[in-house]
Amino acid sequence: MLSMAICEEVLAKALSTGADYGEIFAERSPSSSLYMVNSRLEEINDSVVCGAGIRVMLGTRTVFGSTTDLTKEGLLRLAEQVSEALGQGKTGVSIHLERQTVGSCCPVARISSEVPKSEKLTVLKRCYFAAKEKDARITQVKAQLIDIDRNILIATSEGKYVQDRQVRTRLACTSIAEDQNGTESGFCGPGRRMGMEMFDRLISPEDTGREASRVALARLGASFCPAGKMTVAVENGFGGVIFHEACGHSLEATAVATGTSQMAGKLGKQIANEKVTAIDDPTEKNAWGSIDVDDEGTPTHPIVLIEKGILKSYMIDKLGGRRMGMPSTGSARRQDFTYEPTSRMTNTYIANGPDKNEDIIASLENGLYAAKMGGGSVNPITGAFNFGVDEGYLVKNGKIVQCVKGASLIGTGSEVESLLILLDQLGVCSSSGSVPNEVGQPLIRISSITVGGRN
Amino acid sequence: MTEVYFDKLYEAARQKAESLGAEVFELYYSGGEDLSAETFRDELSGFSAGQSGRLSVRMLIGGKIGTASSTLATPEEAMELLSKAAENAKLVEKDEEALFCEGGQTYREVKSVPFTMPSAREVKETAMRMRNAAYASSEKISDGTSGGAYAAQNEIFLYTSKGLRLSAHSGGMGAYVYSVLEEGEEKRDGFESAAKPLEEVSGEELAQIATNRAAERFGATLPQSGNYPIVFEGKQMQQILSTFCSVFFAKEVQQGLSLLKDKEGEKIATERLTLIDDPFFEGNPMQIAFDGEGTPTYTKAVIENGVLKTLLYNLESGKKAGKASTGNGARMTAAIGTKVYNLYIVPGKNTREELFKMAEGGIFVTGMKGFHAGANVVSGDFSIESEGFMIRNGQKAEPVKSFTVSGNFFELLKNIAAIGGTIEDMHPGYSKIRCPDILIPSMPISGA
């Protein structure tokens, strides 16, 4: 993409006014999406993201610039702009880069961007029609096959010259079900860091479509979830979004380094029930969030965040590390070349616990079983968090009695910690199923949390 | 991107498109530059200067449309996009006659103020000025507090072989204060921004509002679950309307994804409610006379006195319904969707104090979060994490937090009992949706 010699010259220019660190992030990332609705291929979108970002640092001050002009002149102009914005004066700098190899936690057999679109269309149609034909009450289906071929290059004033190719493929299906009671939707969207071989054995396009329709149909017959504090069991897989939102974001350096996270200053302290061990593992084979090298060129490795309830580590990028006086953990991520890196989770999950799944459900006298979670969000300052429940069931005396809709789980502030304390039973994670594996957990029980619904 | 450069790019691309057999060809570019600065503790921690854009091609071959786009706007990249678009057109199965805007349209003149980007230095100095005002605004100010400033300009070119030669230029700038306050173990945050020339932004004004927003929420408790009169602050009603505004898109209705099928001309809301979409909303720096397909834009009532006057159409959804485009075509990456310009609820006559009097014993909702997870756009149901204040003796009383407000968007439109007299902006100048305060006589909340 950019030769080593050009990168050396551009970095030297970027550091010429006294920066103590500089980096170039360049990418050329073609992506394509095929979109089906009304039983036909409605749209194909080919898109390319191509450009470079240059960042310089002096202590904890940063200047960042980005451009789509990848000529040597264009990059030198940008380097001059960022160096001038950082400081004045002239320092002679010489940069010597060395090529670094990266691991291969995500082998790819058939890169999606190189596979004929007709083959992708076949996969998409298998998903679409399986969803459509599941039940006469399925009135509409939207299905999309997306692939991205992210080619990145990172060169830093510390001498790194790293290239990586990150291939991701995702099938996403939304089904709409309708009867005399109303209209509901269901979603299923498995994705992997793989090519089209993902659909050979691992992910069934038909099962993906049927699952989206199953959720829509289940919700169709559901009544509104009652509101109030209750005991909740959250199913494995994407249920890990609870940890991701309620705790994970608060362990990212971006929040910790500014002293605004509830988790700042708590390393080595008991912050969760002793049954809780939480791990961020960027090296999991072919998982959606996996990366061999982060967006600052640092090699990745699994990070134990919480071990038996004790806070062991944060997720740290370069700037966060400087602010915290700690080394990077290889947790720097950016959406594309127009963004500065930030610290982010990769594949985060709670490790399996000692409890049996059936015992956890049976232990609920009057509670909610969240079979499928939607998304959620958190404010790290106050710790206020919320999660949507896509598919929920009321449990009475240990028995699942009724599907409910419109439920959400919320909590705040110091409850982030108490929530982790209250994660009091952990079952066994059978598999990640057909959902993206960026979050994961065994079946968990939270002894008391506010459930939003309608009385 | 200069006009001369785009002219040349278009001409080269048009010739190649013709050689590929394009019956209609379109080249679109949207891009620009931005500057931003922010502070951390007592220093300017970050400064960023970006230049980005997207070049899109769309062409009609054999009665079908192929598209492709890239952030690179070089002649070589344009040629590659044309080849991809031609290949895509062969696969697409959409069989209706594909639509492009005809040339020779009349466009309203946009009253634009000439825009010049501020210097990097001005942006940096403004950010520090906001930071200093924030730190001076309270003794409880703590780490995490920051000031910031930004400026951006954007240009659009849309040329087609049907004779369209459209271009537009827009720009804006502003500054913000983010206050974090600490009291014992508790932390609260507040945000306020202003979009105007940087030298006109008062740091003290922004800091006072942001800091007050944080300060007045200390000691918040969980309210009891039950049904309450609810006053949604304009900014919260704006979040609700933003979440559900796609229900007014004809494309969503035609695909069975909106419950407003066959409702045009019918009463769907209280007669108090009038909802307008105005591409020329005064004070908005992004006014534009043509949409993503080149159709002239105009001001329209979506709901008038409770009656759904029109859905929002682009050329394709309009043709399907036997109607003209309402000028709401949106350029996604290369494909066409639907968008709103400035969608706003026409203010009523009541002051906030009057709304409080009508909502005695209720809750004034001033914060809502998590719409992407807690709202179902198809059914209209929502259950959202909220915070706010109890309303007692006609006034804002003690703060409450961590409760959910549950309801249904379509029912909410019918149940609005009063509308406040002032429109609030979420991000002044830039927000596409604007709302006054709204009173709903009874909604279920889930708390203690």
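Select N38(A): this residue is partly exposed, with a relative accessible area of 30%. Buried means under 20% relative accessible area, exposed means over 50%, and partly exposed lies in between (1.4 Å probe, protein chains only). N38(A) sits in the loop between β1 (21-37) and β2 (40-58) of chain A. Strands are DSSP runs of E with at least two residues, helices are runs of H or I with at least four, and both are numbered from the N terminus. Check the backbone here: phi of N38(A) is near 55°, a positive value in a residue other than glycine.

Before moving on, note that this is a predicted model, where local features need pLDDT of at least 70, side-chain atom pairs count only at pLDDT 80 or more, and totals for chains, interfaces and linings use all residues. Residues are numbered from 1 along each chain as its sequence is written, chains are lettered from A and ligands numbered from 1 in the order in which they are written, and side-chain values use heavy atoms, with hydrogens and water left out.

**Next stop: another loop**

Select N397(A). It lies in the loop between β18 (384-396) and β19 (399-405) of chain A. N397(A) has a positive phi of about 50°, although it is not a glycine. Is N397(A) buried or exposed? N397(A) counts as exposed, at 63% relative accessibility.

**Into the helices**

Select R219(A), in helix α4 (residues 205-220) of chain A. R219(A) is buried, with a relative accessible area of 9%. Now show its contacts. Contact means heavy atoms within 4.5 Å. Leaving aside neighbours within four places in sequence, R219(A) is in contact with E184(A), S185(A), V389(A), D390(A), C403(A), K405(A) and N376(B). Find N376(B) in that list: this partner of R219(A) belongs to chain B.

Go on to A253(A), in helix α6 (residues 253-256) of chain A. A253(A) is buried, with a relative accessible area of 0%. Which residues does A253(A) touch, not counting those up to four places away in sequence? They are T258(A), M315(A), I316(A), D317(A), G320(A), M324(A) and S343(A). Then draw a distance from A253(A) to F243(A): the two are ten residues apart in sequence and 16 Å apart in space, C-alpha to C-alpha.

**Colour by confidence**

pLDDT is the predictor's confidence in each residue, from 0 to 100. Chain A averages a pLDDT of 87, and 92% of the residues score at least 70. Now select residues 428-437 of chain A, where pLDDT stays under 50. For this stretch the model has 32 contacts beyond four places in sequence.

**Zoom out: chain A**

Of its 455 residues, 64% count as buried. Residues 24 or more positions apart account for 75% of the chain A contacts with a separation of 6 or more.

**Last stop: chain B**

Switch to chain B. How many helices and strands are in chain B? There are ten helices and 19 strands. The C-alpha atoms of chain B fill a box of roughly 75 × 55 × 35 Å, taken along the principal axes. Of the 448 residues of chain B, 59% count as buried. In chain B, residues 24 or more positions apart make up 71% of the contacts with a separation of 6 or more.
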